[in-house]
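Please look over the sequence and the model shown below before reading on. The paragraphs that follow lead through some of its loops and helices.

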Amino acid sequence: MPGSQRSILGHMEKNAAAPFVGIVSEYNPLHTGHQHQIARARALSGKPLVLVCMSGACVQRGEFACLDKFTRARMAIAAGADAVIEMPIQGVLASADGFASASAGLMAAMGVDALSFGSEGTPIRQLAALAHLVSAPPAAFSCALRQGLDAGLGYAQALEAACLGAADGVGLSREWVQFALRHPNDTLAIAYMASAPGMAFYPVARTHPHDAPGDGQATSASHLRGLLSAGKDITPSLAPPARDIFTKALALGDGPLPPYPPDALALWLLRRLTPQALEAVPGMGEGLANRFAAAAAQSGTLADVLERVQTRRYPRARLRRAALCAMLGVPAGPAPFYARVLAIRREVIEVLDALCRRSGIPLVLQPGRQRMELAPEVNNSIALCARAHDLHVLMRPNPGRRCAGEDYTINPIISEGGPPYA
């Protein structure tokens, strides 16, 4: 056992504090700003190890990622993370609250007591006050939120109006309320803090807006996806240690991957569901199921379906998530807590295993071999994530790289000094 690992395990035996700082991310794709956050998270928290909870095949905006989850996880390890676990797809395709519960909530249940997140700049005390407001809302706040929804506002608009109405009474700045709720990283930070109130939080300031081109050293993932879809080279903006993994994935024909399945497949997956079946799909309440069924029957593209269904009440991101839930058969309700490892440095396995044993959260390194020892609900959740990955790989440019079942065959363990991509 390496000396550093022995020291960390010894510290865990004497101290309740976990040696990991957590990060929630999608790495779609992993760029220099993400590498900076990994380094800053370790420095700010004083924790020796970085645990990333990453979305799998799909991302929270209701799309498929530009690269598969195993490639992105290996890129994260190369960029400085120590272990990457998969956020269950039930949380990925949920609202901000569900997304936070499936990531920050999961890591808190594992015993991780520190979390770092990217921030557009809202002061941490304002974020904490907003988190307390939405997690323990006074009656007047809940009433204002319901009135906004009943008036036809989307949830984000109704939430902002309710928070502004309550701001003065709870010591919030109205300007910072508007700023936080209109910037996605700060909005998610509020949800993280509400889902895991016992954690210590370490914001890392973003250096570029989400759609900004950057300067070659820092940029936004959305801008890079746009360049990638246009056939441009984005390698200079990726984290340097992860560039070889990215270029090899593209050389193998594993990417780049489109955000949606081909229209014919997407429409068939939607049309096979009756309005009654769609009503059971997450996000399809409030009469949306009937609108979706009618739009799917009359449209020739997925984009047309979303255009027909979208209203002020139903923003596009919610509709994209609901569509993917319908295509993949994602059930309503949260996923069970388990730590499904996508990539991990070999010398960290024993440390993560000790953390999971102490918390009672199952550690899943080989889901096929561990099937008999896992609870049925955990196996079902893993199978659901595997189904999403199987659909994801069908979109690979190289037909020879579209085999199913990679969730049960890919080894997540990365040896020190070994190849970063397998």
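**From a loop to the packed helices**

Y27 is found in the loop between β1 and α2, where helices (H or I, at least four residues) and strands (E, at least two) are DSSP runs numbered from the N terminus. This is a predicted model, in which local features need pLDDT of at least 70 and side-chain atom pairs count only at pLDDT 80 or more, while totals for chains, interfaces and linings use all residues. Residues are numbered from 1 along each chain as its sequence is written, and side-chain values use heavy atoms, with hydrogens and water left out.

At 1% relative accessibility, Y27 counts as buried; buried means under 20% relative accessible area, exposed over 50%, and partly exposed in between, with a 1.4 Å probe and protein chains only. Most residues other than glycine have a negative phi, and most peptide bonds are trans. The phi of Y27, however, is positive, near 45°, and the peptide bond from N28 to P29 is cis, with omega near 0°. P29 lies in the loop between β1 (20-25) and α2 (32-45).

These two features can be followed elsewhere in the chain. A cis peptide bond, with omega near 0°, also runs from G255 to P256, and P256 lies in the loop between α12 and α13 (263-271). A positive phi, near 60°, belongs to E286, which is found in the loop between α14 (275-278) and α15. With a relative accessible area of 47%, E286 is partly exposed.

Which helix packs with α12 (residues 243-252) at an angle of about 160°? It is α3 (residues 69-78), and the axes of the two helices are 8 Å apart; axes are lines fitted to C-alpha atoms, for helices over the stretch in contact, and angles run from 0 to 180 degrees between N-to-C directions. The angle makes α3 roughly antiparallel to α12, since angles under 35 degrees count as roughly parallel, over 145 as roughly antiparallel, 65 to 115 as roughly perpendicular and the rest as oblique. The contact (heavy atoms within 4.5 Å) is made by T71, R74, M75 and A78 of α3 together with I245, F246 and A249 of α12.

Helix α8 (residues 155-167) has 13 residues and reaches 18 Å from its first C-alpha to its last, close to the 18 Å expected at 1.5 Å a residue, the expected span being 1.5 Å times one less than the number of residues. Its buried residues are A158, L159, E160, A162, C163, L164, A166 and A167, and what covers them includes α6 (124-135), α7 (139-150) and α9 (174-181). With α6, helix α8 packs at an angle of about 105°, the axes being 11 Å apart, and α6 and α8 are therefore roughly perpendicular to each other. On the α6 side the contact is made by L130, L133 and V134, and on the α8 side by L159, C163 and A166.

Within helix α8, A158 counts as buried at 1% relative accessibility. Not counting residues up to four places away in sequence, A158 touches L145, G148, L149 and L153. The C-alpha atoms of A158 and R313, which are 155 residues apart along the chain, are separated by 9.9 Å.

A last stop is T301, found in the loop between α15 (288-298) and α16 (302-309). At 31% relative accessibility, T301 counts as partly exposed. Leaving aside its neighbours within four places in sequence, T301 is in contact with D263 and L267.
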